[in-house]
Amino acid sequence: WTATLRYRGRYDQGGDQPTVTDADLERALGFYCDVLGFRVLRRSVTTSAPVAQLLELDEITMSLTFIELGGTTIELICFEHPTALGGGKGPFNRVGYTHLSLKIADFDAELDRLRAAGVNVLEHTVAQQQQSNARFAFITDPDGNRVELFGAIDEGGRKPWEFAANR
C-alpha cells in the first residue's frame, strides 16, 4: 500500500495506514514479518468503549499491531471478542478496498523464495506488461487477504511505479 494523499485544506496531514483484520495475530505476524520482512513497531490490546463505538460494535477486545516495511505502515488487528468474520477476497469490481501492494526487486527470486516458504502464490495472476516494464502477481496472507507483488521486467530500467507518478 503506497498511498500519498495530497489534499489541500482539512486533510493536509496525509494518510495514516491501511488496516488488515486477521483471525490469528501470531500467524499473521509470521507471514508479514518473518516471510515478507515487516518489523513490529508497537502492539497493544484495547477494550475501549469509544473504539467499539467507532467500529460500530457493542463491545470489543482486540489487539492492534503496527508493522512497517520501507516506510509503509500497516495496522494488523485481531478480535478476541467479537471474533473476526468472513475473510478473503471479494470480486475486484466491488466498491471498496481490494488489496495491499508491495514494490519488490528481483521479481523471480522473490517469487521463488515465497514459494519455497510455503506462501500461497496465485499462479494464474503472475503476469507482465511490457509498455510499463511491470511484473505483478498476487499472494495471499494466511487469512486469504491478497497482497500484490509489483516489480520490473527490466530491473535496470525505469521502475513501473515511476510511470504512474509522471502521468
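A salt bridge is a side-chain nitrogen of Lys or Arg within 4 Å of a carboxyl oxygen of Asp or Glu. Side chains of opposite charge can pair when their charged atoms come close.

Before we start: this is a predicted model, in which local features need pLDDT of at least 70 and side-chain atom pairs count only at pLDDT 80 or more, while totals for chains, interfaces and linings use all residues. Residues are numbered from 1 along each chain as its sequence is written, and side-chain values use heavy atoms, with hydrogens and water left out.

**Exercise 1. Find which residues form a network of salt bridges with Arg 115.**

Step 1. Begin with the total: the structure holds seven salt bridges.

Step 2. Now look at Arg 115: a network of salt bridges links this residue with Asp 112 and Glu 123.

**Exercise 2. Work out which parts of the chain the salt bridge between Asp 143 and Arg 27 ties together.**

Step 1. Check the contact: the two side chains, of Asp 143 and Arg 27, meet at 2.5 Å, N to O.

Step 2. Arg 27 belongs to helix 1 (residues 25-35) and Asp 143 to the loop between strand 7 and strand 8 (146-152), so the pair ties together parts that are 116 residues apart in sequence. Helices (H or I, at least four residues) and strands (E, at least two) are DSSP runs, numbered from the N terminus.

Step 3. Consider the surface. Arg 27 has a relative accessible area of 37%, so this residue is partly exposed; buried means under 20% relative accessible area, exposed over 50%, and partly exposed in between (1.4 Å probe, protein chains only).

Step 4. Look at the rest of helix 1: eight of its 11 residues are buried, among them Leu 25, Phe 31 and Val 35.

Step 5. Finish with the helix ends. Just after helix 1 comes Gly 37, with a positive phi of about 100°.

**Exercise 3. Decide for each residue of two further salt bridges whether the label is buried or partly exposed.**

Step 1. Take Glu 68 and Arg 39, whose side chains meet at 3.0 Å, N to O, in a salt bridge. Glu 68 is in strand 3 (residues 61-69) and Arg 39 in strand 2 (residues 39-46), so parts 29 residues apart in sequence are tied together.

Step 2. Apply the cut-offs: Glu 68, at 14% relative accessibility, counts as buried, whereas Arg 39, at 47%, is partly exposed.

Step 3. Take Asp 108 and Arg 135, which form a salt bridge at 2.9 Å, N to O. Asp 108 sits in helix 3 (residues 107-116) and Arg 135 in strand 7, 27 residues apart.

Step 4. Apply the cut-offs again: Asp 108 is partly exposed at 42%, and Arg 135 is buried at 13%.

**Exercise 4. Describe the open sheet of four strands.**

Step 1. Read the order, which is 5-8-7-6, with mixed pairing. Two strands pair if DSSP finds at least two bridges between them.

Step 2. Find the edges: strand 5 (100-103) and strand 6 each pair on one side only.

Step 3. Count bridges. Strand 7 (residues 134-140) runs antiparallel to strand 6 (residues 120-129), with six bridges; Leu 122 has Phe 138 as its bridge partner. Strand 7 is also antiparallel to strand 8, with seven bridges, and there Thr 140 stands opposite Arg 146.

Step 4. Inspect the turn: strands 6 and 7 form a hairpin with four residues between them, where Asn 133 has a positive phi of about 60°.
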